[in-house]
Amino acid sequence: MGENHETTHSEEHHHQELGFWRTYVFSVDHKVIGIQYAVTGLSFLFFGFCLMLLMRWQLAYPGEPFPLIGKLLGDSRMPGGIMLPEFYNQLGAMHGTIMVFLGVVPLAVGGFGNFVLPLQIGAPDMAFPRLNMASYWSYFLGGVVMFLSFFVPGGAAQSGWTSYPPLSVIAESGQTVWLLGMVFLITSSLLGSVNFIVTVIQLRVEGLTFMRLPFFVWSQFVTAFLLLLAFPPLEAAAFMQLMDRVANTSFFMPAGLVVSGQLVEVSGGGSPLLWQHLFWFLAHPEVYVLILPALGIVAEVIANNTRKPLWGYKSMVYSVLFLAFMSFIVWAHHMFLTGMGTVMSAFFQTTTMIISIPSVVIITALLLSLWGGSIRFNTPMLFALAFLPMFGIGGLTGLPLGLAAADIHLHDTYYVIGHFHYVVAPGTIFALFAGIYYWYPKATGRKMSEFLGKLHFWPSLLFMNGIFLPMFIQGLAGVQRRLFDGGVSYAHAEPVLFLNKVMTHSAWGLAIAQLPFVINFFLSLKRGEKVGSNPWQATTIEWLAPSPPPHGNFANVPVAYRTPYEYSVPGQASDYHPQFEPDRRVAGPPDPGEPEAAPATA
Amino acid sequence: MSEAIPYTVDIRPDTGLNNVKLGMWLFLASEVMLFGALFAGYILLRVGSEDWPAGNSILNVPLATLNTIVLITSSVTMVMSWASLLRKSFDKYRLYMGATVLLVVVFLVIKTIEYSAKFDHHLYPSTSTFLAIYFTLTALHGLHVIGGMAVNAYLWGPGAKMWRSAPEQFTNRVEAAGLFWHFVDLVWIFLFPVLYLL
Ligand code: HEM
Ligand SMILES: [Cu+2]
């Protein structure tokens with residue numbers, strides 16, 4: 001261990017000599033890569049959000065010219081400022097793709113995982129730093145490819161984020177670009193997930209046994225397994241769809257297909273359902289990839305701000321493991337209406353009901369953790385607290401979708417859109433905001449403004465519900481998703497059409513509510529309150545490192561002495577006893593001379 | 001401190017692994033899922049088809065048998081090259097690794113002959129679903145073969161300098177490359193009967 005000390009110093013010199021490009025752009029340091037991932041991910045979230053703002057405007061005012069920007073987007077998209085259905089489809093497909101694969105996952109896994117995970121296990125970096133860099137750049141290229149697909153002839157992919165054949169096979173060239181983009185993104189997540197798993201297994205510091213890992217680490221560890229094992233089948237499916245499009249094969253194309261009155265010239269014999277199976281084999285676990293890191297963040301923030309150990313840490317860990325395993329055998333609940341038969345439906349309906357159990361256990365444990373805590377209502381905690389009921393709504397509304405009979409009515413309606421957005425938008429996105437406010441001081445050495453944070457939180461909470469709650473009502477009334485006119489042409493949608501305006505104006509309200517966040521994010525870099533290594537008085541190991549941590553993270557290799565959340569342990573000098581601090585004297589009054597004696601609590 | 005990442009070479013006592021080896025096993029797990037999905041697709045398409053052709057009525061079984069032997073031999077020479085490093089005889093390593101690379105070249109040449117014979121007979125991926133899955137599976141496997149060949153050639157040539165500076169790490173690399181190579185070999189051992197014989 002003595003050796004490591006010595007290298008730290010020489011390394012820091014080395015670090016200084018690396019120069020701008022290798023320090024900030026082609027860096028192999030997990031913290032820089034984490035921040036690159038986070039910033040790129042946030043940018044794509046913003047971009048995907050903008051696409052959706054256009055869509056929402058169209059849904060509220062179908063067929064009317066767009067104010068201001070209508071003319072800018074060109075005749076192939078908005079002739080005379082009026083949105084073409086084809087363009088709406090592009091926006092929809094790309095909104096879904098970008099939000100999932102380029103926004104949330106890169107921020108939650110690439111950003112938070114890369115930045116926080118090595119720090120929490122006391123490691124100097126990821127196990128394979130260069131692979132880590134490759135993972136980021138592969139993601140970046142995938143993003144560029146996806147973005148450029150808007151400019152190929154015929155525009156971006158139009159077949160939804162699910163890319164169901166045969167439509168996707170006969171679609172314009174944007175779909176090919178989409179598939180290529182996915183190959184880059186899949187490669188990136190493959191490199192990342194191997195790295196995460198090896199890092200957790202191999203680089204935990206002395207004393208950090210699996211049952212002492214912070215819950216955030218568990219959530220990332222399990223997520224990495226999902227990415228590792230679920231993505232390759234989609235990659236296989238993407239290859240096959242590429243072959244169908246480029247080499248004219250018929251993996252997904254049945255014989256005798258007639259499109260616009262013309263027989264499609266293929267050898268036939270393929271199965272469109274094969275794609276759906278392969279796609280959902282990835283995409284259901286992907287749902288947990290979107291949610292597990294969020295649960296990890298929320299667990300950290302809640303433990304820290306209730307000043308209590310997490311309630312039922314072990315049952316949470318076992319639940320996550322069980323959930324990950326089950327997530328591989330529920331995929332066909334997305335396919336109840338494909339005619340796959342009642343036996344299959346019964347099986348997948350049962351597994352779906354079973355998988356809801358561990359999710360309920362985790363949420364219940366988090367709720368019970370609040371019980372009797374002396375809660376600090378700071379910005380990260382507000383977002384974490386709001387996550388619980390929002391995710392709860394998202395989860396509970398999923399149960400009817402998992403029951404084949406109820407799904408017959410609800411499938412492909414706005415109810416589904418409402419359901420999963422409650423999970424990923426006011427759910428995951430809120431958790432990600434909580435994480436940003438919580439770890440910002442570690443990354444920058446400064447806190448974000450509490451005032452602006454609250455100004456961000458309360459309107460966001462309001463508008464999120466303003467957008468997504470009406471979707472349930474529309475969906476129950478039978479309004480289909482993916483309608484470019486928001487349902488105007490359907491008589492049964494008539495009574496609930498006014499909700500389109502409510503949702504659209506809420507969406508624009510949500511956009512404005514992000515301004516305090518953007519200002520806060522940049523302003524706090526310069527003006528934020530300066531903080532030490534442990535501003536939240538937290539217990540996990542990342543708070544031992546200086547803020548921001550130098551290259552190599554820790555001056556001395558840390559040791560984990562105890563479980564991760566020893567808050568308010570009776571008989572202790574302070575209300576938190578960090579994992580990285582050796583035992584204090586158990587009996588007797590606290591020693592006033594002790595360096596780690598409690599700083600006065602606010 | 002990035003050079004100070006623990007267990008890049010040494011084995012971590014409680015897990016019994018070093019990072020490279022664990023990483024390689026995980027990568028292979030994902031590869032299993034990749035090829036597994038393609039095989040699953042094969043089964044689904046075949047079950048759903050009325051007139052699936054017998055593989056040997058279209059494909060060249062003798063050539064493929066030859067290729068199977070070539071690949072298995074290359075796996076053996078790969079093991080020998082690693083074993084030579086363990087016994088510290090670098091010259092033997094060079095020899096066996098060189099043989100491995102040569103055998104891979106032979107495999108690829110035979111594969112090319114097979115492919116061009118198909119094209120000569122106007123048999124393309126678009127001709128039938130059987131040929132589609134044949135070309136896709138063998139091409140994807142072929143890409144893995146080429147990747148493995150590149151790594152092996154590197155370890156035989158410029159990469160072998162490491163033997164003098166960090167012999168243990170070099171041996172680990174050869175071992176990891178070997179794991180990958182055996183996997184590629186194993187995929188072929190599944191591919192061969194499924195496509196050519198069944
Ligand atoms: C917070 C603001 C968001 C709003 C207002 C919003 C709005 C919408 C709307 C209205 C649709 C339906 C379009 C249609 O069916 O025609 C949609 C689809 C979708 N959204 Fe969002 N969304 C938001 C965030 C997200 C996030 C964070 C994710 C993922 C992590 C996401 C993933 C999707 C997906 C996958 C679809 C389906 C696309 C398809 O039909 O193929 N959205 N969104
Ligand atoms: Cu699902």
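Predicted model: local features only at pLDDT ≥ 70, side-chain atom pairs only at ≥ 80, totals over all residues.
A residue counts as buried here when its relative accessible area is under 20%, as exposed when over 50%, and as partly exposed in between.

**Chain B at a glance**

Chain B is built from seven helices with zero strands, so a listing of its elements from the N terminus simply reads α-α-α-α-α-α-α. Along the principal axes, its C-alpha atoms fill a box of roughly 60 × 35 × 25 Å. If you take the contacts in chain B between residues at least 6 apart in sequence, 75% of them join residues at least 24 apart. One side-chain pair that spans such a distance is Lys21(B) and Glu175(B), which meet in a salt bridge at 3.0 Å, N to O. Lys21(B) sits in helix 1 (residues 19–47) of chain B and Glu175(B) in helix 7 (residues 167–197) of chain B, 154 residues apart. Lys21(B) counts as partly exposed because its relative accessibility is 28%.

**Where the chains meet**

On the A side, 43 residues are in contact with 36 residues of chain B. Together the two chains bury about 3300 Å², with 73% of that on carbon and sulfur atoms. What is the count of salt bridges between chain A and chain B? It is zero. Polar contacts do turn up, though: seven residue pairs, both partners at pLDDT 80 or more, are joined that way between chain A and chain B. The elements giving two or more residues to the side of chain A that touches chain B are helix 1 (2–17), helix 7 (174–203), helix 8 (215–246) and helix 9 (272–306) of chain A. Helix 8 of chain A gives the most, with 10 residues. Sorted by residue class, that side of chain A divides into 26 nonpolar, 13 polar and four charged residues.

**Helix 4 of chain A and its end**

Helix 4 of chain A (residues 85–120) has a kink of about 50° centred on Pro106(A). This helix is mostly covered, with 32 of its 36 residues buried. Gln120(A) lies in helix 4 of chain A, and it counts as buried because its relative accessibility is 0%. Leaving out residues up to four places away in sequence, Gln120(A) touches Leu208(A), Pro214(A), Phe216(A), Val217(A), Glu300(A), Trp439(A), Thr540(A), Ile541(A) and Glu542(A). With Glu542(A), the side chain of Gln120(A) makes a polar contact of 3.2 Å. Just after the helix, Gly122(A) takes a positive phi of about 75°.

**A threonine between two helices**

Thr397(A) is found in the loop between helix 12 (379–396) and helix 13 (398–402) of chain A. Is Thr397(A) buried or exposed? It is buried, because its relative accessible area is 14%, which falls under the 20% cut-off. The Thr397(A) side chain reaches the backbone oxygen of Ile393(A) at 2.8 Å. Not counting residues up to four places away in sequence, Thr397(A) touches Tyr415(A), His419(A) and Phe472(A). As for Phe521(A), it is 124 residues from Thr397(A) in sequence and 34 Å away in space, C-alpha to C-alpha.

**Salt bridges**

Over all chains, a search of the whole structure finds nine salt bridges. Here are some of them, with the N to O distance:

| Pair | Distance |
|---|---|
| Arg481(A) and Asp412(A) | 3.7 Å |
| Glu450(A) and Lys454(A) | 3.3 Å |
| Lys21(B) and Glu175(B) | 3.0 Å |

The Arg481(A) and Asp412(A) pair links distant parts of the chain, 69 residues apart. Arg481(A) is in the loop between helix 16 (450–476) and helix 17 (499–513) of chain A, while Asp412(A) is in the loop between helix 14 (404–410) and helix 15 (414–444) of chain A. At 17% relative accessibility, Arg481(A) counts as buried, whereas Asp412(A), at 27%, counts as partly exposed.

The other chain A pair in the table is a local one: Glu450(A) and Lys454(A) are separated by about one helical turn, because they are four residues apart in helix 16 of chain A. Glu450(A) is partly exposed at 29% relative accessibility, and Lys454(A) is partly exposed at 30%.

Elsewhere in chain A, Arg562(A), Glu566(A) and Asp583(A) are linked in a network of salt bridges.

Conventions: Residues numbered from 1 in each chain as written. Chains lettered and ligands numbered in written order. Heavy atoms only, no water. Contact = heavy atoms within 4.5 Å. Buried area = accessible area lost by both parts, 1.4 Å probe. Salt bridge = Lys/Arg side-chain N within 4 Å of Asp/Glu carboxyl O. Polar contact = N/O pair within 3.5 Å; in protein donor to acceptor, adjacent residues only side chain to side chain. Nonpolar A, V, L, I, M, F, W, Y, C, P; charged D, E, K, R; others polar. Bend = angle between axes of the 7 residues up to and from the residue. Buried < 20%, exposed > 50% of the residue type's maximum accessible area, 1.4 Å probe, protein only.
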